[in-house]
Amino acid sequence: MSKKLLVIAEIRDGEFRNVSYEAIAAAKEIDSEGEIVGVVCGDSVADKANELFKYGADRVIAVEHANLSQYTPEGYAQALQAVIEKEDPDAILAGHTSIGRDITPKLASRLKSGLVSDATAIESAGSEVIFTRPIYSGKAFEKVVVKDGLIFATIRPNNIPALEKDDSRSGDAESLEVEIKDLQTIITDVVKNTTSGVDLSEASVIVAGGRGMKGKENFSILDELAEVLGAAVGASRGACDAEYCDYAMQIGQTGKVVTPDLYIAVGLSGAIQHVAGMSNSKVIVAINKDPEAEIFQIADYGIVGDLFDVVPKLTEEFKKV
Ligand code: FAD
């Protein structure tokens with residue numbers, strides 16, 4: 001019997017996060033014949049929610065409420081629990097984003113279910129579903145087999161390609177009314193604190209700077225390179241601790257985990273805690289003046305040189321392409 005697969009989709013700044021589409025593709029991996037139900041929470045999201053049809057959703061549920069205009073754990077948990085109780089799905093998938101990581105354990109405990117977090121691949125074998133997920137800060141991968149019960153997982157961005165957009169698919173989101181009550185938190189304002197327009201955790205190209213940048217103002221040369229490449233700018237903790245940039249840009253064990261197609265590491269040494277957040281990047285380029293720097297051990301391409309010479313030259317060359 002085919003499964004009902006619920007995908008919790010996320011809208012940020014008016015657009016779906018790409019990992020929401022990737023989660024739909026992941027649901028197809030679980031059961032290619034299954035019914036995929038996209039769920040979107042927010043204030044006025046029904047029109048936007050219809051976009052999920054084009055990426056493979058068979059049904060879409062929009063849970064609209066004034067108290068869902070911004071994410072709060074209690075608000076979203078109430079809304080999503082209501083959807084789950086009504087739909088009784090066989091599987092629930094969400095992106096492994098800051099919201100996904102926050103809400104899914106809360107829901108799993110309410111549903112008395114297990115949770116596979118941070119899956120990078122999924123395969124279905126008969127009645128079992130096998131998830132691959134990184135462990136030991138990305139040094140190894142383990143397989144987690146869900147044999148029965150609710151299949152509940154978060155999907156790491158940039159690992160399972162989204163289905164191609166199909167403009168011929170369309171539909172109307174179903175509206176679900178829910179009661180959102182007793183909220184402990186009301187968000188009245190959101191102050192953004194990012195330097196790059198590109199979302200770090202979903203970027204396909206990242207330029208990351210370390211302590212070798214030697215000053216906050218010097219990050220402008222990374223911004224220029226990033227602009228030419230359509231990249232996001234990240235940083236090592238060394239750079240964040242030195243107050244060259246905001247901790248929102250930190251990549252690593254205690255920062256963001258990223259899997260871009262191209263990672264350019266500039267003036268950072270490649271400490272194990274940094275590598276934990278970026279070692280699964282598809283191509284790694286390191287720029288460092290120290291030929292012994294550890295980052296060269298995991299780099300596909302290395303440039304030994306002064307970043308203040310190398311980076312502007314790269315920017316100029318990429319402008320010509
Ligand atoms: P450094 O190690 O000082 O390296 C600077 C590099 O710049 C050097 O290799 C140098 O050769 C090069 N350089 C200097 N000048 C130039 C130049 N002009 N041109 C070219 N190259 C130049 N770190 C993280 O990044 N992310 C984490 O999530 C993280 N979590 C941590 C968690 C714990 C519990 C602990 C203990 C540490 C954590 N760290 C983390 C810190 C980590 O151990 C390192 O201290 C940090 O990554 C070092 O940052 P860095 O590489 O920028 O600085």
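Reply: Start with the largest pocket, which holds about 1,500 Å³ of space. Keep in mind that this is a predicted model. How is such space found? Rolling a probe the size of a water molecule over the atoms shows where empty space is left.

The lining of the largest pocket is made of 50 residues. The largest share comes from α5, with three residues.

R17 sits in the loop between β3 and α1. Is R17 buried or exposed? Its relative accessibility is 5%, so R17 counts as buried; the cut-off for buried is under 20%. Next, set aside the neighbours of R17 within four places in sequence. R17 is then in contact with E10, R12, T97, D199, S201 and E202.

E10 leads us to another space. E10 is one of the residues that line the largest cavity. By the rule used here, there is one cavity of 30 Å³ or more. The largest cavity has a volume of about 70 Å³. Besides E10, its lining consists of I8, A9, V39, V40, C41, Y76, L80, A94, I99, G100 and I103. By class, that gives 10 nonpolar residues, one polar and one charged. Four elements each supply at least two residues of this lining: β1 (4–9), β4 (35–42), α4 (73–87) and α5 (98–111).

Follow β4 into its sheet. This is an open sheet of seven strands, in the order β7-β11-β6-β1-β4-β5-β12. The pairing is parallel. At the edges stand β7 (116–119) and β12 (174–176). Each has a single partner strand, so one side of each is left without a neighbour in the sheet. From one strand to the next, the twist averages 25 degrees.

Zoom in on one strand pair. β4 runs parallel to β5 (residues 59–64), and six bridges join them. C41 has V63 in β5 as its bridge partner. C41 is also one of the residues lining the largest cavity.

Helices pack here too. α4 touches β1, β4, β5, β6 and β12 of the sheet. The direction of α4 makes about 155 degrees with that of β4. Helix α1 (residues 18–30) lies across β1, β4, β6 (91–95) and β11 (151–155). α1 runs at about 165 degrees to β1.

Where does β14 belong? It is part of an open sheet of five strands, in the order β14-β13-β15-β16-β17, with parallel pairing. β14 and β17 (301–304) are the edge strands, each with a single partner, so one side of each is left without a neighbour in the sheet. The twist in this sheet averages 20 degrees from one strand to the next.

Inside this sheet, β13 (residues 205–209) and β15 (residues 262–266) pair in the parallel sense over five bridges. V207 stands opposite I264 in β15. Helix α6 (residues 219–229) packs on the sheet and touches β13, β14 and β15. The direction of α6 makes about 175 degrees with that of β13. Helix α10 (residues 307–320) packs on the sheet as well, touching β15, β16 (283–288) and β17. Its direction makes about 135 degrees with that of β16.

One more space remains to be seen. The second largest pocket has a volume of about 320 Å³. Its lining has 19 residues, with S236, R237, G238, A271 and H274 nearest the centre. α7 (237–241) and α8 (272–275) each supply at least two residues of that lining. α7 gives the most, with three residues. By class, this lining has three nonpolar, 13 polar and three charged residues.

Terms used: Residues are numbered from 1 along each chain as its sequence is written. This is a predicted model: local features need pLDDT of at least 70, side-chain atom pairs count only at pLDDT 80 or more; totals for chains, interfaces and linings use all residues. Side-chain values use heavy atoms; hydrogens and water are left out. On a 1 Å grid over the protein atoms alone, a cavity is a set of points where a 1.4 Å probe fits but cannot get out, and a pocket is an open set with protein on both sides within 12 Å along at least five of seven lines; lining residues have an atom within 4 Å of a point. Grid points are joined across faces, edges and corners, and a volume is the space filled by probe spheres set on the points. Ala, Val, Leu, Ile, Met, Phe, Trp, Tyr, Cys and Pro count as nonpolar, Asp, Glu, Lys and Arg as charged, and the others, Gly among them, as polar. Two strands pair if DSSP finds at least two bridges between them. Axes are lines fitted to C-alpha atoms, for helices over the stretch in contact, and angles run from 0 to 180 degrees between N-to-C directions. Contact means heavy atoms within 4.5 Å. Buried means under 20% relative accessible area, exposed over 50%, partly exposed in between (1.4 Å probe, protein chains only).
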